[in-house]
Amino acid sequence: MTSPPEVVEVLTAGVPLDAPSYAEAVETREVVFVPGWEAEREGVARTEAYGAGAFSPCFVGDAPRGLLAMGTQRAGDWSAREQAVFRSVGRSLTLALERVEAARRLTAQNAGLDARTRALEAFAELSRDLSLQGDPHALIRRAGEVALSLLPGGSVLLYEPARDRWRAAVQVGAPSTPPFRRRWTPGSPSSRHTTC
């Protein structure tokens with residue numbers, strides 16, 4: 001038997017975290033069976049037609065990641081078979097969530113390893129370039145290119161001391177703001193630098 005639309009609306013809109021049976025399942029980390037469902041006591045409006053409820057918390061590590069809930073409009077308690085089936089479904093859901101989390105962590109670790117590998121390869125290439133290059137501005141430009149290949153979306157500037165201030169001497173990448181880009185337009189008085 002399907003639930004009336006108003007009940008579906010209440011249940012899909014969300015249930016308060018402190019709704020008694022829901023909270024008990026999360027606090028105890030145990031499956032909770034509620035044989036005599038009372039909508040008012042449970043704090044879930046419009047669910048008076050239900051005769052029993054069941055709740056299985058799904059934890060991944062110490063964090064609750066879900067709460068499997070089931071209700072029946074049949075009055076009375078859950079049979080031993082129904083309880084066993086519900087517990088089994090809850091365990092399966094928890095295992096699935098654990099696997100998703102493990103896969104997510106593995107993907108993140110692999111991405112980190114890939115990034116480190118790219119960085120090591122880029123810096124190995126940079127080391128080879130440094131041994132062949134004598135121009136310090138060209139060396140800085142190459143180092144900036146390597147940095148931006150690993151951290152795209154930015155720009156690298158080398159400042160050199162000139163009298164009473166630091167002056168930009170080498171730029172790699174596009175400056176992020178229009179005033180800064182105008183300042184670095186080739187041919188402008190302040191563009192006596194090397195750009196890439």
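Colleague: Before that, what kind of model is it, predicted or experimental?

Modeller: This is a predicted model.

Colleague: Fine. Start with S2: is the strand mostly covered or mostly open?

Modeller: Mostly covered, since 9 of its 9 residues are buried.

Colleague: Which way do S2 and S3 pair, and over how many bridges?

Modeller: S2 and S3 are antiparallel, with 9 bridges.

Colleague: Switching to charges. How many salt bridges are there in the whole structure?

Modeller: The search finds 8 salt bridges. One of them is between Arg 29 and Asp 62, where the closest N and O atoms are 3.9 Å apart. That pair links distant parts of the chain, 33 residues apart. Arg 29 is in the loop between helix H2 (20-28) and strand S1 (32-34), and Asp 62 is in the loop between strand S2 (52-60) and strand S3 (63-72).

Colleague: How exposed are Arg 29 and Asp 62?

Modeller: Arg 29 is partly exposed, with a relative accessible area of 40%. Asp 62 is exposed, because its relative accessible area is 72% and the cut-off for exposed is over 50%.

Colleague: What does Arg 65 bridge to?

Modeller: Arg 65 forms a salt bridge with Glu 101, with 3.3 Å between the closest N and O atoms. This is another link between distant parts of the chain: Arg 65 belongs to strand S3 and Glu 101 to helix H4 (residues 80-132), 36 residues apart.

Colleague: Is Glu 101 buried or exposed?

Modeller: Glu 101 counts as buried, because its relative accessibility is 11% and buried means under 20%. Arg 65 is partly exposed, at 45% relative accessible area.

Colleague: Which residue forms a salt bridge with Glu 101 at 3.7 Å?

Modeller: That is Arg 105, taking the closest N and O atoms. Arg 105 and Glu 101 both lie in helix H4, 4 residues apart, which is about one turn of the helix. Arg 105 is partly exposed, with a relative accessible area of 43%. Through shared partners, salt bridges join Arg 65, Glu 101, Arg 104 and Arg 105 into one network.

Colleague: New topic, the second largest pocket. How much space is in there?

Modeller: About 240 Å³.

Colleague: Which residues line the second largest pocket?

Modeller: The lining is Val 15, Pro 16, Leu 17, Tyr 22, Ala 23, Val 26, Pro 64, Arg 65, Gly 66, Leu 67 and Ala 69. H2 and S3 are the elements that give two or more residues to that lining. S3 provides the largest share, 5 residues.

Colleague: Last one, backbone angles. Where is Arg 46, and what is its phi near?

Modeller: Arg 46 is in the loop between helix H3 (39-42) and S2. Its phi is near 65°, a positive value in a residue other than glycine. Arg 46 is partly exposed, with a relative accessible area of 45%.

Colleague: And what about the phi of Arg 163?

Modeller: The phi of Arg 163 is near 55°, also positive in a residue other than glycine. Arg 163 is in the loop between strand S4 (156-162) and strand S5 (165-172). At 90% relative accessibility, Arg 163 counts as exposed.

Terms used
Residues are numbered from 1 along each chain as its sequence is written. This is a predicted model: local features need pLDDT of at least 70, side-chain atom pairs count only at pLDDT 80 or more; totals for chains, interfaces and linings use all residues. Side-chain values use heavy atoms; hydrogens and water are left out. A salt bridge is a side-chain nitrogen of Lys or Arg within 4 Å of a carboxyl oxygen of Asp or Glu. Buried means under 20% relative accessible area, exposed over 50%, partly exposed in between (1.4 Å probe, protein chains only). On a 1 Å grid over the protein atoms alone, a cavity is a set of points where a 1.4 Å probe fits but cannot get out, and a pocket is an open set with protein on both sides within 12 Å along at least five of seven lines; lining residues have an atom within 4 Å of a point. Grid points are joined across faces, edges and corners, and a volume is the space filled by probe spheres set on the points. Two strands pair if DSSP finds at least two bridges between them.
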